[in-house]
Amino acid sequence: MTKQRTSFDSSFPIELTERTLRDLSVRVCWLTDLHLNMVSPGEVERFAASVVARQADVVLIGGDTSESKDLVEQLARLARRLRVPIYFVLGNHDYYYGSIEGVRTRVDELCRREPELHYLSVVETAVELTPQVGLVGHDGWADGRLADYFASSVMMTDDWLIAELIGLTRADRWERLKALADEAAAHILRMLPMALARYQQVLLLTHVPPFRDACWYAGEISNDEGGRLYCG
Ligand SMILES: [Fe+2]
């Protein structure tokens with residue numbers, strides 16, 4: 001994200017030292033849906049090495065890093081291997097076999113122990129990547145409001161693997177999903193205007209596509225049937 005100098009750009013400083021150029025740019029590595037619980041520790045290690053080789057200044061992780069049983073361990077391992085600031089959100093799979101409240105509590109505790117790890121859903125300010133570029137983010141949540149929740153026959157694994165969703169009627173589950181999505185939207189509504197007022201560019205990191213046109217599956221925009229799965 002280095003600002004390109006052109007002969008017509010009078011706003012660019014005339015004297016650009018190496019230090020100034022470094023301050024104006026940042027190398028970002030964006031990772032998402034790693035599902036590290038599905039691979040061996042050796043494969044995680046090789047993957048981490050491939051990320052290190054890219055010499056990123058900052059790593060962003062867009063959720064579904066693993067499942068609740070080993071999420072904290074996997075994030076801690078990435079932090080120790082990558083040794084650069086990691087800004088992340090959580091995806092639905094990160095809560096599997098646990099509860100949303102419990103996982104968020106453990107992740108919060110982890111971030112206090114590992115200074116390179118930052119869980120954006122609880123960061124109440126825009127993160128400055130460069131003086132021109134800010135970062136905000138939240139898990140988001142798919143509640144199907146962009147599709148037709150009651151017309152869809154799709155059952156999500158979330159409904160029997162995340163404690164807060166287990167055993168609810170279909171109507172009660174929708175209320176819970178909407179509450180989770182509203183919480184995400186409220187965070188973005190607080191953060192985004194603040195970030196846009198301060199930075200020329202703002203990156204928004206989230207797990208769930210917030211717009212229907214961004215809800216792609218198998219090469220097509222998600223329909224009402226699949227909207228429960230992918231749309232925020
Ligand atoms: Fe997901």
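This tour moves through the model stop by stop, saying what to select and what is found there.

**Before selecting anything**

This is a predicted model, in which local features need pLDDT of at least 70 and side-chain atom pairs count only at pLDDT 80 or more, while totals for chains, interfaces and linings use all residues. Residues are numbered from 1 along each chain as its sequence is written, and side-chain values use heavy atoms, with hydrogens and water left out.

Colour the chain by pLDDT, the predictor's confidence in each residue, from 0 to 100. The chain has a mean pLDDT of 87, and 85% of its residues reach 70 or more. Residues 1-14 have a pLDDT below 50, and this stretch has 19 contacts in the model beyond near neighbours in sequence, a contact being heavy atoms within 4.5 Å.

**Stop 1**

Helices (H or I, at least four residues) and strands (E, at least two) are DSSP runs, numbered from the N terminus. Select S2, residues 58-61, where Val58 and Leu60 on one side and Val59 and Ile61 on the other are all buried. Buried here means under 20% relative accessible area, exposed means over 50%, and partly exposed lies in between, with a 1.4 Å probe and protein chains only.

Val28 has Val58 as its bridge partner in S2.

Next select strand S3, residues 86-88, which is parallel to S2 and joined to it by 3 bridges. Here Leu60 has Tyr87 as its bridge partner in S3, and S2, H3 and S3 together make a right-handed β-α-β unit.

**Stop 2: the loops that follow S1 and S2**

Select Asp33, in the loop between S1 and H2, and then Asp64, in the loop between S2 and H3. Phi of Asp33 is near 50°, a positive value in a residue other than glycine, and phi of Asp64, also positive, is near 55°. Are these two residues buried or partly exposed? Asp33 counts as partly exposed because its relative accessibility is 36%, whereas Asp64 is buried, with a relative accessible area of 3%.

Stay in the loop between S2 and H3 (71-82) and select Thr65, which counts as buried because its relative accessibility is 0%. Leaving aside residues up to four places away in sequence, Thr65 touches Leu34, His35, Leu36, Asn37, Leu71, Leu75, Leu78 and Asp94. Although Thr65 and Asp94 are 29 residues apart along the chain, their C-alpha atoms are separated by 6.4 Å.

**Stop 3: two cysteines**

Select Cys29, which counts as buried because its relative accessibility is 11%, and Cys111, which is also buried, with a relative accessible area of 15%. How many disulfides does a search of the whole structure find? The search finds 0, taking a disulfide to be a pair of cysteine sulfur atoms within 2.5 Å.

**Stop 4: the sheet S5-S6-S7**

Select strands S5, S6 and S7, which form an open sheet in that order with mixed pairing. S5 and S7 are the edge strands, each pairing on one side only.

Focus on S6, residues 133-138, where 6 of its 6 residues are buried. Val133, Leu135 and Gly137 point one way from this strand, and Gly134, Val136 and His138 point the other way.

On one side, S5 (residues 127-128) runs antiparallel to S6 and is joined to it by 2 bridges, with Glu128 standing opposite Gly134; the hairpin from S5 to S6 passes through 4 residues. S7 (residues 201-206) pairs with S6 in the parallel sense over 6 bridges, and His138 stands opposite Thr206.

Finish by showing helix H6, residues 170-198, which packs on the sheet and touches S5, S6 and S7, its direction making about 175° with that of S6. For that angle, axes are lines fitted to C-alpha atoms, for helices over the stretch in contact, and angles run from 0 to 180 degrees between N-to-C directions.

Key:
Two strands pair if DSSP finds at least two bridges between them. A crossover is right-handed if, with the strands pointing away from the viewer, the path from the first strand over the helix to the second runs clockwise.
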